Amino acid sequence: MKNLKFPFIVVLIWLYTTLMLLSVSNVWGQTMSNDNYILQMGNLNSISGKPTGPDYKLSFTSGETGQNLFSGPNYKVRAGFQYIKSIITFRFSINSTFIDFGIISPTTPVTRTNLLTISNGSAYGYQVTLSQNHNLRVDSSGAEIPPTTCDSGNCTSTTSDTWTSSLTYGFGYRCDNISGTDCASGFSDSSYYKSLASSPSAVAVMSSANVGRNRQSQITYKVNIAGTQPAGLYRNVLNYIAIPTF
Amino acid sequence: MINFKLFLGILILFLTFYLGILSSAKAQNVDIGVYPPVMQVETTPPANVKSQFTLENRGAASVTLNIQIKPFRPAQSNDGQVEILQTFQNFPDPLLANRIQIKEVGIPIKSVALAPKQKKTLDFQITVPQNEAKGDYYFTVLFVSNPETSIQSNSTLASAGIAMNVLMSVGPKGKTEGFISAFNSPFFVDKGPVHFNLQVSNTGENFFAPNGTIEIENALGKKSGTVKITPVNILAESQRVIPDTDFNKSFLLGPYKATVNLQIGDGESFSRSIYFFAFPASYAITILIVIGVITLILLRVKRNIE
């Protein structure tokens with residue numbers, strides 16, 4: 001018993017330390033890598049002189065890796081908006097790209113959510129468009145779960161309506177504001193849903209005419225099937241594109 | 001013997017927890033950024049246009065972004081939003097898209113891989129031949145992630161894409177032409193800020209960004225404030241509502257005159273004036289109530305004294 005006690009404690013300490021190190025995942029800074037090395041630096045801040053070449057010259061915003069003015073024979077390029085001097089990245093995130101409906105039983109709707117977050121610090125506005133590559137489909141048989149038309153049979157990819165009945169089938173979504181008020185119209189009532197547009201068509205699910213940071217919306221996906229729906233694995237891909245204003 | 005079983009059990013528990021952390025990566029997030037969100041190019045053929053932009057992966061997992069180029073036109077909302085088009089047939093030269101290249105370390109690429117927290121600077125290049133058709137070209141460069149496809153479950157996969165808009169004028173540029181299509185505000189305001197609705201039309205062949213100010217004067221002709229016009233891009237043959245045109249002064253009293261002085265590119269200057277009236281009714285009501293209460297108190301005190 002005594003012989004096992006010491007190695008037991010050592011292993012426990014090693015496991016605890018490993019888990020703690022793994023949970024510290026955010027290392028901020030510039031990372032460059034290739035097959036031979038990885039460099040991680042707190043901030044890339046060193047520049048010296050202005051690079052020039054036979055066809056172009058670059059001007060740097062001090063301390064950053066972006067530039068705002070390029071010129072050469074017969075052209076000039078302004079990068080960014082002339083009313084914004086600093087470099088502000090246009091940023092878009094989806095917190096979960098895998099929406100797992102699990103086992104779908106007839107007349108038992110399943111809902112799942114994910115979060116969209118936008119920061120458009122330099123653009124006076126943006127939109128996030130949504131489309132699906134096709135309906136939820138079994139690739140092997142081609143069986144599909146159709147887009148929902150809601151309880152009334154009237155909702156579309158642009159017009160919302162109530163969907164509360166367990167006997168209304170299909171696949172749809174809704175948008176709820178978490179911060180800001182950027183969700184598309186038509187979702188003021190929590191029972192309202194729209195169907196998804198199929199590519200190449202797309203509809204805006206979030207938009208704003210203002211500068212903003214960390215504007216967040218929650219997308220709720222809902223799927224319900226009839227007892228006659230063929231069995232299989234139903235899958236599709238949703239394409240979210242964040243586009244700044246010009 | 002018992003202690004060994006206990007040790008083994010705890011070890012299995014830790015390993016299960018450890019593997020649970022790893023498996024959560026399946027529900028991965030995507031967090032991408034691009035700078036700049038817009039590029040404005042002016043060129044006269046022939047030219048080999050070169051610039052740079054940065055793509056950033058702020059997520060905890062690697063991401064591969066496919067590169068697509070799509071034309072756009074301004075959305076009918078006139079607020080700078082884009083409407084993506086599916087073909088280049090409306091371009092002065094539909095084949096220009098074939099001469100747009102994104103390069104990484106000098107090599108043309110169709111996709112770019114980013115490690116977690118990695119930022120890459122890429123080259124943006126357009127070859128403009130001598131005989132390129134004159135006019136404006138508006139397109140967006142999309143960077144779209146590939147969702148994982150090996151999932152064995154009823155599921156939806158989300159791909160995330162981010163766009164960089166490009167406005168290009170192939171010259172020589174035509175004359176900059178436009179006008180103020182709308183300039184108004186509420187006629188009566190209680191207090192500031194006062195919102196001015198300013199819309200500018202571009203009737204020329206090339207995009208421009210207007211410059212100017214809105215000057216506000218009071219009844220005595222004295223300047224009360226200035227609102228700088230944000231030089232947003234207005235595309236050819238379109239109009240745009242200018243954002244951020246609020247006069248941020250909270251206390252206002254009397255008649256005011258607001259004059260917009262606008263210059264478009266190197267072209268003409270425009271000017272238009274409107275009038276509005278301000279009366280702080282809410283302040284006045286509050287003051288009247290206070291005076292009324294004080295008067296009542298004084299009358300009561302006087303009556304008591306008598």
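In this predicted model, strand β4 of chain B (residues 63-74) pairs with strand β5 (residues 82-84) of chain B in the antiparallel sense, over three bridges. Strands here are DSSP runs of E with at least two residues, helices are runs of H or I with at least four, and both are numbered from the N terminus; two strands pair if DSSP finds at least two bridges between them. Within this pairing, Phe72(B) has Ile84(B) as its bridge partner in β5(B).

Stay with β4(B) for a moment. Seven bridges connect β4(B) with strand β10 (residues 135-145) of chain B, again antiparallel, and there Leu65(B) stands opposite Ser145(B). Strand β8 (residues 111-114) of chain B is joined to β4(B) by four bridges, also in the antiparallel sense. In that pairing, Asn66(B) faces Ser111(B).

A few words on how to read the model. Residues are numbered from 1 along each chain as its sequence is written, and chains are lettered from A and ligands numbered from 1 in the order in which they are written. Local features need pLDDT of at least 70 and side-chain atom pairs count only at pLDDT 80 or more, while totals for chains, interfaces and linings use all residues; side-chain values use heavy atoms, with hydrogens and water left out.

Next, look at the open sheet of five strands in chain B, ordered β13-β21-β20-β16-β17 with mixed pairing. Its edges are β13 (188-189) and β17 (223-228) of chain B, each with a single partner strand, so one side of each has no neighbour in the sheet. Inside this sheet, β20(B) and strand β21 (residues 269-278) of chain B run antiparallel and are joined by ten bridges. One of the facing pairs there is Thr259(B) with Ser273(B).

Rings of Phe, Tyr and Trp (its six-membered ring) pair if their centres lie within 6.5 Å, with planes under 30 degrees apart counted as stacked, over 60 as edge-to-face and the rest as tilted. Over all chains, the count is 14 aromatic pairs. Take Phe251(B) and Tyr283(B): their ring centres are 5.9 Å apart and their planes stand at 50 degrees, so the pair is tilted. Phe251(B) sits in the loop between β19 (246-247) and β20 (254-264) of chain B, and Tyr283(B) in helix α2 (residues 281-305) of chain B, so the pair ties together parts 32 residues apart in sequence.

Now for the charged pairs. In one of them, Arg235(A) meets Asp139(A), with the closest N and O atoms 3.4 Å apart. Arg235(A) belongs to strand β17 of chain A and Asp139(A) to the loop between β10 (136-137) and β11 (144-145) of chain A, 96 residues apart.

Finally, where do the two chains meet? The contact (heavy atoms within 4.5 Å) takes 78 residues from chain A and 80 residues from chain B. Between the chains there is one salt bridge, formed by the side chains of Arg91(A) and Asp31(B) at 2.7 Å, N to O. Strand β17 (residues 235-244) of chain A gives the most to the side of chain A that touches chain B, with ten residues. β17(A) also pairs with strand β11 (residues 155-170) of chain B in the parallel sense, over eight bridges. There, Ile241(A) stands opposite Gly161(B).

Notes
A salt bridge is a side-chain nitrogen of Lys or Arg within 4 Å of a carboxyl oxygen of Asp or Glu.
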